[in-house]
Structures are given as C-alpha cells and as structure tokens.
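The following note sets out points for a colleague who is examining the structure shown below. Each point may be read alongside the displayed sequence and coordinates.

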Amino acid sequence: MFDSCLRARGSATATRRAQFPALWSLLLTGLVLALAPGAQASPAPVPSPAPPESAAGAPFGVQAGLYGLTTLTGGHFGYALKAGARIEDSAVIHNESDEARTFHVYGVDVTNAAGGGLAPAQEGQQMRAVGAWLKLDSEATITVRPKSSATVRFSLAVPDGTPPGSYLGSLITALRTPAVSGQVNTETRIARLVQLTVPGTADLQVSLTELEHRRAGGDEEFTVTVRNTGNVLYTFAGTLNVTGGGSTRTVPLTPTGIYVIPGGSATITGRLAGLPALGRRAVTASVIATVPGGAARTVESNTVRLSYFPWLVAGLTVGGLLALGLVLIVTRKRWRARLRRRAEERTALRAPKRELRAGNPPAGHPHQAQAGGAKHP
C-alpha cells in the first residue's frame, strides 16, 4: 500500500485510504483517494518508480504519474470528488522497445461484460460518465522514443448535479502494429482503471429476475440475473437453496465474485444434479451483494417447485397392464363362446335321451324303422 496525499492551493486537503479488490486482469487493488472540490494534485519529491512490467508481453508499460501518492497501486487511478470538482493527474508511458512507438490514449466508460465482470467500452461508443468527464490536456496520440518514457496529462471534472455513487472509467493506451503483407493490423491495449466516488448517501440496492430453469441432460439448470439498482459498485456471490426429500442442500451459482456497476446487471447459473426419480424439490436463489469495505445485503428470488415422477416406468407399466387386460378380455370372450356351444350341445342331446327313456325313439331311429316293417310287410 502507498500513502495517498494531496496538497491543495492555499490549504491542505484531507486524504483517506480505502481498499478495493481486483475488478479484472491488470485492474485494481489498493487505495481510494478522498479529495476536496477544486483541489490540485501536487506531489511531494519522491524517487522515480521503476517502469512497470509490460502487459501480456507488450513492448510498453503504463503507470500513474503520481504513482504511490494520489492513485491506486498497480498504476490505476482512484478519486473521491464532489459534484462540480476537478482533479488533474497524468499517466507515464514507457516504451521498452528498440524503436520509436506512437500510442493512442483516450478515456472510456467501464461497463458490465456480457459474460460477467467488467470491461472498457469501445472508443466509438457514447460515453456517459468517466469516459466523458476525462479530458486529455494534449493530443490523443503521442510518440515515445526507444527505451524512453513520456507523460500524458489529463483532468477529470465531475459535472454539477452528479448524483452520489460509484463511477468507473478507464484510461486506454493503445499500440497499433502495422500490417505485414497478407496479414491484418493488431492492436495491444493497456487499460488503467479510473474509479471515481462522488460522496453522499450510499444506496445498496439489489434486485433479481425470475429464477428460470430448464432440463440439461440428467440435471436441472437454473438461471437468474442480478441487477444493481442502487448507486454503489458491489461484488456478489450466489447459491441455490434446495429443500425436499428430507434434506437441505446448497448449490453454488457461477460466476462468483464479479462486480456489477450501478445500472448494470450480470447473469449467473447453477446446475442441480442427483435428481430423484420420485419426489418434490423447492429451489430458491440467494444472492449476497457486498460493497468493498462496506455494507452487505442478501436478497432471494422466487421459489421454483419441481415434481419428479418416473413417467417412463409408469407408462410402460400402464401399457403392460392395458395389454394384459385386453388379452384377458379376448380370452374371456372366447371362453364364454366355448361354454355357450357346449351348453347348446348338451341341450340338443337331452331331448333324444328323454324320448328314449319314454320308449319313443326319435324319428329315423332304427327301432322305429323295424316296428313299421312288422306291421306292413
């Protein structure tokens, strides 16, 4: 950590130190400067810091001009300014290559990235906050000699009437590599975070969209979106709370530990495995939002109720029972028909037997033919 300190024209200005965790690769750890409106930055004599390491192997590096005095560690910038206040600072560009390089320097807003986390806006986009309030004191391009450095000065002026809260921007230093035959231009950029706090009442507000779910293979996948409807930047972590089946368990929602800027949002997902063949489950998403070094708030989503039933087994069982019933019905009909035929046969045989017992053979009987022959020769 480095001590933050400013000297105002004609009077001393109080400073404070606040920690802030990393927001994305190469961005942010360190101190937040508290600063009275209209104060001018004037560093005390200090040894020149060593050039910073290059980003991702880039042949150049960027660090804050007042490194260790009025800015965050790691070459980033952090200020606390009231609405209407203005601050001046600078960035030092180190050309570590063996030839002169021309850099493009500009300020942009920081927005929530589509996949979660934060990312600098593109240069051509409309800037609404820090990207619009940060002004370079010189041309946007600067040429730096080999193994040398150059300073780019800028100012940050907060408009009157700006509501209290957290505002994020980034100072971009870009190096474009000329195209080689048959290839395309490549551009290497180093982004230094500009984190601005406008003092006032902090309003930590978190809202969640409806908890949605869908079948994913043999699991159930849940999705919910976290929205920052307050005025402070926060990070959050979420879980799925699952009840039912005689037990309670939690499933982590990912990604975790990401930041959401005021007015921004981030979508997180979780997968529920080990689903029962038969039973019910109740699932609720719980999100804890935390302001770095400050307050925390927990919010919960709607409850999704799931019912599981072995439909395939039940369908096969019902189908088997129906088939068995059909066989029984057909067999019963055949059995009844057979019984009717046998009953009819027995009925047809009873009459001749009764006549024989009575001594009256039925017509066509041999005994009846013999008797007739005796009477009429």
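1. Helices, as the word is used here, are DSSP runs of H or I with at least four residues, numbered from the N terminus. The model under review is a predicted one. In that model, Leu321 is found in helix α2, an element that covers residues 311-357.

2. On the chain as a whole, 3 helices and 21 strands are present. The chain has 377 residues, of which 40% count as buried. Its accessible surface comes to about 21200 Å², and carbon and sulfur atoms account for 54% of that area. Among contacts with a separation of 6 or more, 67% are between residues 24 or more positions apart.

3. Leu321, Leu324 and Leu328 make a nonpolar surface patch of about 310 Å². Is Leu321 buried or exposed? Its relative accessibility is 56%, so Leu321 counts as exposed, the cut-off for that class being over 50%.

4. A patch of positive charge is also present on the surface; its members are Arg332, Arg336, Arg338, Arg340, Arg341, Arg342, Arg346, Arg350, Lys353, Arg354 and Arg357. One of these, Arg340, lies in helix α2. Arg340 has a relative accessible area of 51% and is therefore exposed.

5. Trp133 counts as buried because its relative accessibility is 13%, and the buried class is defined as under 20%. Which residues does Trp133 contact, leaving aside its neighbours within four places in sequence? They are Arg128, Ser155, Leu156, Ala157, Val158, Pro159, Thr162, Tyr167 and Leu196.

6. Salt bridges form the next topic. Side chains of opposite charge can pair when their charged atoms come close. In this model the count comes to 7 salt bridges. One of them joins Glu88 to Arg86, with the closest N and O atoms 2.9 Å apart. Glu88 has 29% relative accessibility and so counts as partly exposed. Arg86, at 35% relative accessibility, likewise counts as partly exposed.

7. A further salt bridge is formed by the side chains of Arg101 and Glu99, at 3.4 Å from N to O. Why does Arg101 count as buried? The relative accessible area of Arg101 is 18%, and the class requires a value under 20%.

8. Glu221 is buried, with a relative accessible area of 18%, whereas Arg214 is partly exposed, at 48%. Through salt bridges that share partners, Arg214, Asp219, Glu221 and Arg271 are joined into one network.

Terms used:
Residues numbered from 1 in each chain as written. Predicted model: local features only at pLDDT ≥ 70, side-chain atom pairs only at ≥ 80, totals over all residues. Heavy atoms only, no water. Buried < 20%, exposed > 50% of the residue type's maximum accessible area, 1.4 Å probe, protein only. Contact = heavy atoms within 4.5 Å. Patch = residues over 30% accessible without salt bridge, like charges linked within 9 Å, V, L, I, M, F, W, Y side chains within 5 Å. Areas by Shrake-Rupley, 256 points an atom, 1.4 Å probe, with all protein chains shown as cover. Salt bridge = Lys/Arg side-chain N within 4 Å of Asp/Glu carboxyl O. Lys, Arg positive; Asp, Glu negative; His and termini not counted. Charge placed at Lys NZ, Arg CZ, Asp CG, Glu CD. Helix = DSSP H or I, 4+ residues; strand = E, 2+ residues; numbered from the N terminus.
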